[in-house]
Each structure stands twice: as C-alpha cells, then as structure tokens.
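Trainee: I have a model open and would like to go through its side-chain contacts with you. Could we start with the charged pairs?

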Amino acid sequence: MGRRTNESWIAQEASRHQHRVGGPRYVFGILTAVGLLVLFYAVQAAPQTSAAGNKADSSSPPHAQTTPRRPPQAKTQKEYSSYNAAYALSGGAAVEKAADNFAVQYPDSELRVYLYSKAMHEYQNENNPGKLLAMAEKVLALDPDNSIALVLTASVLADSLSDTDLDREQKIAEIKNKSTHALETVDTAFVPPPGATPEQIDAYKITLRSMAHSALGIMELKSGADAAAEEDLQAGASLNKTEPDPYIWYHLALAQDHQKKYVEALASINQALPHTSTNPELERLARGERERLLKLTATPAVPQKPITKANSPQ
C-alpha cells in the first residue's frame, strides 16, 4: 500500500525523505554483518579435492558431504595450481585480471566462480560498487543461484536507487528478482565449506535473508510503498538479532514515520542508535529522526479549564 495520493503532501514528503534516507551501505563497508559472508567465501573458495578423482577430506562434517550440491572441483593438478596462484592475489583489479586469464586458460573450469567471487569481495572492500556489480554478474552467469552475489547485487542497487535514475524501473525489477530468488534458494544453493558448524551455517543464512529483506524494504521505501517497506524491513531487522543492523532499523523508523506510526518509529530508531557510532552520517540522520519523533510523541500538557462564575467555588 502506497502513501496518500495528495500531490502536495507527496512532494513535501519526498523532499523530506531525500534528506533523511541513509547513505549507501557500501560507503560504510556494507556493515559488519557482511564480514561473516566474506569469511565464508574465503573458506569455501578452497576446493574439497585437489584434482578430479581425489576423495573429499574425510574430516569434513557429514552435512558437507550430503548436501545436494557438491563443491566445484579442479579436473587436473595443473588447473588446481593455477587456481591457487590466482586466488592468492589481492586487490580487485589484480584478482579480476587473474580470474579473466584463468577463464581463458580453463574455459570449462568449475573454479572460475570462486575467482570472480573473490574479485567481487575485493571490490566490496574497496567500496567500488560498479565493479562489485560487474563481478557479481559474472558470478551469477556461472552460478545463477549464488546467494551472496544475489543479495549484494540487490543491496547495492537498492542503496543507490534514485528518483533521477534513467533505468529506475529496471533497477526496481532487478532488486525484486534478485532478493526474491535469494530468499527462495538460500537453503538449497549453499554448499557448506569444510569444517563449517551448523551454528555458522545458520548465522550465514540468517544474514543473507536479512540482507535480502532489507534490499526489498529500501527499494519499497524509496518507491513510496511504506507498508510493504515496513514489513520487509521488520523482517530483516528481526532476523539479525546477534549483530543488529542500524541501517535497517533507521529505515524501518522512516517507513513507520511516513505512516504516522510515531511510537513504533521511535522504538525502531532507539534500536538503531546504539550501533551507529562507526557511521557518523547515519548517526547524524538517526539522531535527527529521534528528535523529530520525540516531539511528535510527547504528551501535550493538559490545558487548565478557566474558572468562570458558573464553575467558581461557592
């Protein structure tokens, strides 16, 4: 359900929202929760076999061996050695070039997806959203169900979505598609890395689901669908209880504020503020929103009824 259709109110609210919406998360390193995702990819990038025909490490937990999808594997020792040399590099440009060279040398290698995934994360660490999206596209061309590439693409597109985008509707459609697909496939698409505990796997999937709901919520908030935004942002915020995401809580407060749910919005902004100290711009916006909501939720003083002859004491 969108906002009210009064044109002057929409224009006023759009202007107010433009100055209050949080900056793109990739500017803040997409927050601490994504550190978990990077860790998983770093571990997962090592194949369970050094070359085709070798048996998987017997120390791997049972759930890693019985998963519906097996990890990508090298077909030859030479391919595996070339992969290791490429993966050892750092820096987005260097890893991307190595991934491209590896793909030319081994056009059918199952390990290409790992190298492009590392390039994607290197560009993420460098706050380079354009290159991150380009690498995510290459990852998804090789693995359409890749959960991290799906949620990072949706998150970056949602965070940067603007009213002035010439391809705005295309971006909105892609955010919906990527986020929804990630939510639908995260349980079946993820191949646990060797040694991953059930607790780590659960935390990983929770983070992915939280980010997918957040991307949908941010897109809906910027599209004026405040009720839908509240639902998705609430889902994203509720999932990630171990590492609360202030970006989600802040925008949940905005969605509730737009619907005049001021008490709920104040509760949400109070959830955001304890976790904004490392993001000065987000902290400034959150404090400003809290001040506004405190004024709107303040109990007005009860006016005293003036004494008249009719009700004056005898």
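Trainee: How do glutamate 283 and arginine 287 meet?

Mentor: Their side chains form a salt bridge, 3.4 Å from N to O. The term requires a side-chain nitrogen of Lys or Arg within 4 Å of a carboxyl oxygen of Asp or Glu. Note that this is a predicted model, where local features need pLDDT of at least 70 and side-chain atom pairs count only at pLDDT 80 or more, while totals for chains, interfaces and linings use all residues. Residues are numbered from 1 along each chain as its sequence is written, and side-chain values use heavy atoms, with hydrogens and water left out.

Trainee: How far apart in helix 14 are those two residues?

Mentor: Glutamate 283 and arginine 287 are 4 residues apart, so about one helical turn separates them. Helices here are DSSP runs of H or I with at least four residues, numbered from the N terminus. Arginine 287 is partly exposed because its relative accessibility is 46%; buried means under 20% relative accessible area, exposed over 50%, and partly exposed in between, with a 1.4 Å probe and protein chains only.

Trainee: Which side chain does arginine 284 meet in a salt bridge?

Mentor: Arginine 284 meets glutamate 281, at 2.6 Å from N to O. These two are 3 residues apart in helix 14 (residues 280–297), again about one helical turn. Glutamate 281 is partly exposed at 36% relative accessibility.

Trainee: How many salt bridges does a search of the whole structure find?

Mentor: The search finds 11. One of them joins arginine 209 and aspartate 187, whose closest N and O atoms are 2.7 Å apart. Arginine 209 belongs to helix 10 and aspartate 187 to helix 9, so this pair ties together parts 22 residues apart in sequence. Arginine 209 is partly exposed, at 23%, and aspartate 187 is also partly exposed, at 48%.

Trainee: Now lysine 222: does it count as buried or exposed?

Mentor: Lysine 222 is buried, yet it has no salt bridge. The nearest side chain of opposite charge is that of aspartate 159, 5.8 Å away; Lys and Arg count as positive and Asp and Glu as negative, with His and the chain ends not counted. Lysine 222 lies in helix 10 (residues 198–222).

Trainee: What lies 2.8 Å from a polar atom of its side chain?

Mentor: That is the backbone oxygen of aspartate 159.

Trainee: Changing topic, how many aromatic pairs are there?

Mentor: The count is 4, where rings of Phe, Tyr and Trp (its six-membered ring) pair if their centres lie within 6.5 Å, and planes under 30 degrees apart count as stacked, over 60 as edge-to-face and the rest as tilted. Phenylalanine 102 and tyrosine 106 make a tilted pair, 4.9 Å centre to centre with 40° between the planes. Phenylalanine 102 is buried at 3% relative accessibility, and tyrosine 106 is buried at 13%. Ring pairs link Tyr83, Tyr87, Phe102, Tyr106 and Tyr114 into a cluster.

Trainee: And which residues touch the most other members of the largest nonpolar core?

Mentor: Tyr83, Leu115 and Met120 do, in a core of 39 residues. Such a core is a set of buried Ala, Val, Leu, Ile, Met, Phe, Trp, Tyr and Cys residues joined through side-chain atoms within 4.5 Å. Helix 6 gives the largest share of this core, 7 residues.

Notes: A polar contact is a pair of N or O atoms within 3.5 Å; within protein, one must be able to donate a hydrogen and the other to accept it, and residues adjacent in sequence count only if both atoms are side-chain atoms.
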